[in-house]
Amino acid sequence: MTVASLLTDCPPLGLETLKIDDFQLHASSMRHYGLGPHRGRLNIQGGLYEDDMYDGGWCAGRSDPLQWFEVDARRLMKFTGVVTQGRSSLWLSDWVSSYKVLLSNDSHSWVTLKNGSRDLIFSANREKEIPVLNLFPKPVVARYIRINPRSWYASGGICMRVEIMGCPMPGDQSVNEVTTTDNLDFRHHSYKEMRQLMKVVNEMCPKITRIYNIGKSYNGQKLYAIEISDNPGEHELGEPEFRYTAGSHGNEVLGRELLLLLMQFMCQEYLSGNTRIRRLVDETRIHLLPSINPDGYEKASEAGSELSGWSLGRWSQDGLDIHHNFPDLNSVLWEAEARRWVPRKFHNHHVPIPDWYRSTNATVAVETRALVSWMEKIPFVLGGNLQGGELVVTFPFDRTRSVTALREATPTADDHVFRWLAFSYASTHRLMTDGNRRVCHTDDFTKEDGTINGALWHTAAGSMNDFSYLHTNCFELSMYVGCDKFPHETELPEEWENNRESLLVFMEQVHRGIKGVVRDVQGKGIANAIISVEGINHDIRTASDGDYWRLLNPGEYRVTVRAEGFSVSSKVCAVGYDIGASSCDFVLGRSNLSRIKEIMQKFNKQPISMRQRLRQRRLLDT
């Protein structure tokens, strides 16, 4: 039996995914509470500072061969193996280099795994981050399992992060098991399988889907997207554009699979006549891009769900973090504001990309360039990028205004809208706002309803979210959809149930606020007109046909429209509480100055001011 098949047949118990709760983890001793057995979970991340409540692993209080780490499965299991890591720490190095395994049915009498007549000693870690899997010679049935460290890093202590591999006994299903009734393809998909699945969805629903690609990865793999709309392939006047993306960090695999499940679900439900899905498809142009970084995914998937660790495959093939590889437009705007150039000399929106960023020798991933081009081409209104490793929704800004601050609340002009958008996803997720759930790593986001301003969590320049807000009309948020970046495929049905409603509710928010068309008196749409909302220092612009969408919370707003060569127009637009953007159209007449210029150009005449100057010169010459 191969390792891959064994991992598929006997999945992890769920230390990393938190299926195993803190009360099921025990230890002989602990250095302090923050290094207790509840922290001995695979891939758990330590805090920035040592000796706090959230350190990165279990560490024994003493360094001797009598220490142990124990898991109570609370039922008979067929144990097949153990995965271990050292302690997660920025400053210290601790790991176990060998251990024994003991098993019990009552936690009193223990049997050590043997190699013939001798105790079996497993070789473990040689450094602290790379997971090491040890498979048992044959499966062993028990309720309790203990890991007894025998040797450890000489300059450190006994510290571990652990996952246990095992199958429940036949007919034994946990009462807490979450199941799904959706008939979807719940498994991990290679690049080829992903492309094939998208093709299957397109063939099932040819009238509402279209497959296209936005570019290629560093290794030449196409970045495929699927469009779901009642008229795929064209932008319909007055219909908003929405996007979900996933996999910018190639090892954060859950988002990729959720989008593949979402496209299957929407196709099936549309065909079955689901009124909610039909309304969403008929009134929205939806784009799903499941794998931004297919090169990174291949690295992570080659190692597997339990052995890819925390960062293998995170970056692009050329070593760049795609999600934070966008131009830093925050500093450009904030400098213009400091010089008081806004709004006379510098717009508060559609901040231009610096020339250096577009140069061929700039340190920009080809995947990022493809995303930028895509974001500029399509007039997206709302977007969400699915991330992994946490349970929280983050919203802009992601970079702090203060250069020295590591974390600091840095709101946008649309902070109230962003907070609502974030809450709409978090509040409908099965776990994000559950105050009784255990934190994934170090932060308890349930205190903030499962949401946080990105810069208040940790500052990061050049994020996709900030770039989208400052350079385009699109409001972009990040959804961290699970504690486990790369869950075992047996976890996918439950993760789908956790996120399904949230994915749909967030898409529906694209219809919140106002929408309309800006036309001239002849009825022709005016492109690039500026839409300003009184009291909000961030404008948007109309698309090529003159249509626009402005996300707003319920209330009354004075909206002003400006376009070069046209008179300014203002009106009050009301936003209700029900889903469905309020219509707010504008008709602009030509400005007097533009009319004079047109007349002068038409009759090849010079402006009055120029004629006066010429007359004065003639008088002086005489």
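**Helices H9 and H12, and what surrounds them**

Author: Helix H9 (residues 415–426) and helix H12 (residues 492–508) have axes that come within 7 Å of each other and cross at roughly 150°. Here an axis is a line fitted to C-alpha atoms, for helices over the stretch in contact, and the angle runs from 0 to 180 degrees between N-to-C directions. H9 and H12 are therefore roughly antiparallel; under 35 degrees counts as roughly parallel, over 145 as roughly antiparallel, 65 to 115 as roughly perpendicular and the rest as oblique. On the H9 side the contact is made by Leu 421, Ser 424 and Tyr 425, and on the H12 side by Asn 499, Ser 502, Leu 503, Val 505 and Phe 506. Contact means heavy atoms within 4.5 Å. By class, the residues of this contact are five nonpolar, three polar and no charged. Ala, Val, Leu, Ile, Met, Phe, Trp, Tyr, Cys and Pro count as nonpolar, Asp, Glu, Lys and Arg as charged, and the others, Gly among them, as polar.

The model is predicted, so local features need pLDDT of at least 70 and side-chain atom pairs count only at pLDDT 80 or more, while totals for chains, interfaces and linings use all residues. Residues are numbered from 1 along each chain as its sequence is written, and side-chain values use heavy atoms, with hydrogens and water left out.

The chain has 14 helices and 26 strands; helices (H or I, at least four residues) and strands (E, at least two) are DSSP runs numbered from the N terminus. Of its 622 residues, 56% count as buried. Buried means under 20% relative accessible area, exposed over 50%, and partly exposed in between (1.4 Å probe, protein chains only). The C-alpha trace spans about 120 × 55 × 45 Å along its principal axes.

In the loop between strand S16 (390–395) and H9 lies Phe 397, and the peptide bond from Pro 396 to Phe 397 is cis, with omega near 0°. The loop between H9 and strand S17 (451–453) holds Asp 449, which has a positive phi of about 60° although it is not a glycine. Asp 449 is partly exposed, at a relative accessible area of 41%.

On a 1 Å grid over the protein atoms alone, a cavity is a set of points where a 1.4 Å probe fits but cannot get out; a pocket is an open set with protein on both sides within 12 Å along at least five of seven lines; lining residues have an atom within 4 Å of a point. Grid points are joined across faces, edges and corners, and a volume is the space filled by probe spheres set on the points. The structure holds four cavities of 30 Å³ or more.

The largest cavity contains about 90 Å³ of space. Its lining includes Thr 394, Asp 398, Trp 457 and His 458. Helix H10 (454–457) and strand S18 (475–482) each supply at least two residues of that lining, which divides into three nonpolar, seven polar and one charged.

Gly 47 sits in the loop between S1 and strand S2 (58–59). It is buried, with a relative accessible area of 13%. Not counting residues up to four places away in sequence, Gly 47 touches Asp 52, Tyr 54 and Thr 442. For the chain as a whole, among contacts between residues at least 6 apart in sequence, 76% join residues at least 24 apart.
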